[in-house]
Amino acid sequence: MTKYIAAIDQGTTSTRCLIFNHSGEPVGAHQLEHQQIYPQPGWVEHDPLEIRTNTEKVIVGALQAAGAGPEDIAAVGITNQRETTLVWDPTTGQPYYNAVVWQDTRTDQLIHSLAGKEGLDRFRKKVGLPLATYFSGPKIAWILANVPGVREAAEAGRAVFGNMDTWLIWNLTGGPKGGVHVTDVTNASRTMLMDLETLDWDEEICRIMGVPLAMLPQIRSSAEVYGKTTAVGPFREEIPVAGDLGDQQAATVGQTCFEPGEAKNTYGTGCFMILNTGEEIVQSRHGLLTTLCYRFGEEKPVYALEGSIAITGALVQWLRDNLKMISSSAEIEDLAGSVEDNGGIYFVPAFSGLFAPYWRSDARGAIVGLTRYVNRGHIARAVLEATAFQTREVLDAMNADAGVPLKALKVDGGMVYNELLMVFQADVLGVPVIRPRVAETTALGAAYAAGYAVGFWKTKEEMKRNWQVDKIWQPDPDSPAATELYREWKKAVTRTFNWVEQDES
């Protein structure tokens with residue numbers, strides 16, 4: 001009898017596999033980091049073959065940790081770093097180039113060329129997104145134009161595109177020997193190539209970007225059986241691959257934000273806040289993205305507003321890896337707690353430009369307010385505060401677009417175990433911050449989608465009953481975080497604008 005769902009969480013810095021029981025509790029997990037490749041300033045790449053190998057290893061490790069065999073798994077769900085773009089040969093399974101990561105800014109000049117006189121909102125009404133280096137479509141165009149032989153291969157049917165969900169599903173279901181070439185509506189909505197209303201590839205936009213329709217995967221729902229794993233793969237058995245959600249939408253499902261007006265914020269490499277808007281497509285007027293929240297089988301699609309922040313947890317990693325100021329990410333809380341405040345400094349991590357609500361690809365990172373008084377502790381505190389301030393900016397935009405102030409924020413991701421950050425986050429927002437008992441909500445959302453597709457969970461109410469509060473942080477009404485400190489942060493952000501001149505290559 002099958003008693004578990006397996007979820008593969010392919011993230012920006014690591015790949016994990018978690019095994020969940022019917023109560024939505026992880027009973028086994030395994031995780032491996034992969035290399036971050038920086039060929040030039042602003043360029044970020046991953047080795048897709050390394051990620052494929054790591055995926056196979058974490059599946060085996062998670063099954064062992066759970067004491068489970070393939071016969072215990074009812075279905076497999078996939079969640080992934082969105083917008084990270086890969087083109088490969090479907091006859092061999094060999095990538096033509098490294099995966100171009102969502103943080104990568106190499107398409108900046110292409111973006112400005114596409115914008116032309118119509119501006120960055122040229123395609124927004126159809127796709128819900130501004131023209132930005134963030135999204136997959138321009139990355140595909142860059143690979144086609146700059147990697148020798150790929151354009152010709154695509155026209156001959158020997159080059160296909162996928163975000164990392166498509167790559168993993170294709171490999172798990174057979175790869176060159178019959179692998180299924182699909183994506184779901186949430187990942188497709190991050191390419192700039194899918195029409196939000198028709199949920200199909202937009203021929204006109206594909207033509208303008210020079211992306212052949214034939215290389216794009218079939219768009220499917222987030223919860224249905226796409227295919228089955230193969231006996232030669234890591235599961236060693238045919239198991240339905242039945243769930244597919246971009247990581248932030250997966251976290252929204254994992255937090256069971258199934259009702260319009262419910263929102264969550266995930267603290268990972270970046271920060272991503274999603275507000276469920278139900279069956280209504282809400283066009284943002286304040287710098288947010290309009291995107292798919294999920295679509296389960298033949299049910300109507302559910303839409304969302306999203307605020308995307310490029311650098312949050314990645315800033316802690318930068319402090320660890322580039323400046324060697326800490327030896328592990330966990331150390332930042334003690335270092336930041338060694339001082340009472342930020343010493344007057346603000347760290348704006350616009351390493352890849354600024355995402356929501358600014359969408360400024362010309363911005364670059366800055367530390368402002370430095371004096372000789374500042375020490376390591378102040379820098380560490382400013383690093384954590386940057387996450388909270390950026391989240392406040394997104395929440396302000398979300399409140400303005402939705403027209404109803406958010407009353408509380410559900411949070412998840414690795415940084416939610418940083419007590420100092422969560423206390424400050426509640427103070428900056430002025431609303432309670434709520435952490436669920438199972439904080440692995442991204443993987444859980446993928447599990448829910450797959451389990452729902454095969455009847456492991458029969459209703460959304462079953463999933464909702466699994467959600468339980470672990471901790472609530474209440475805002476301090478006397479804290480200056482939401483007032484003068486936030487005003488100083490807004491001033492600091494303006495200092496990062498126009499650093500990259502648009503005529504630079």
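Two exercises with worked solutions follow.

This is a predicted model, in which local features need pLDDT of at least 70, side-chain atom pairs count only at pLDDT 80 or more, and totals for chains, interfaces and linings use all residues. Residues are numbered from 1 along each chain as its sequence is written, and side-chain values use heavy atoms, with hydrogens and water left out.

**Exercise 1.** Work out how helix H9 and helix H14 are placed relative to each other.

*Solution.* Start with the helices, H9 (residues 247-254) and H14 (residues 441-454); helices are DSSP runs of H or I with at least four residues, and strands are runs of E with at least two, numbered from the N terminus. Next, take the axes, which are lines fitted to C-alpha atoms over the stretch in contact, with angles from 0 to 180 degrees between N-to-C directions. The two axes come within 6 Å and cross at roughly 80°. H9 is therefore roughly perpendicular to H14 (65 to 115 degrees).

**Exercise 2.** Find which elements contribute to the lining of the second largest pocket.

*Solution.* Then look at helix H2 (108-115) and H10, which each supply at least two lining residues. Finally, H10 gives the largest share, five residues.

Note on methods:
Angles under 35 degrees count as roughly parallel, over 145 as roughly antiparallel, 65 to 115 as roughly perpendicular and the rest as oblique.
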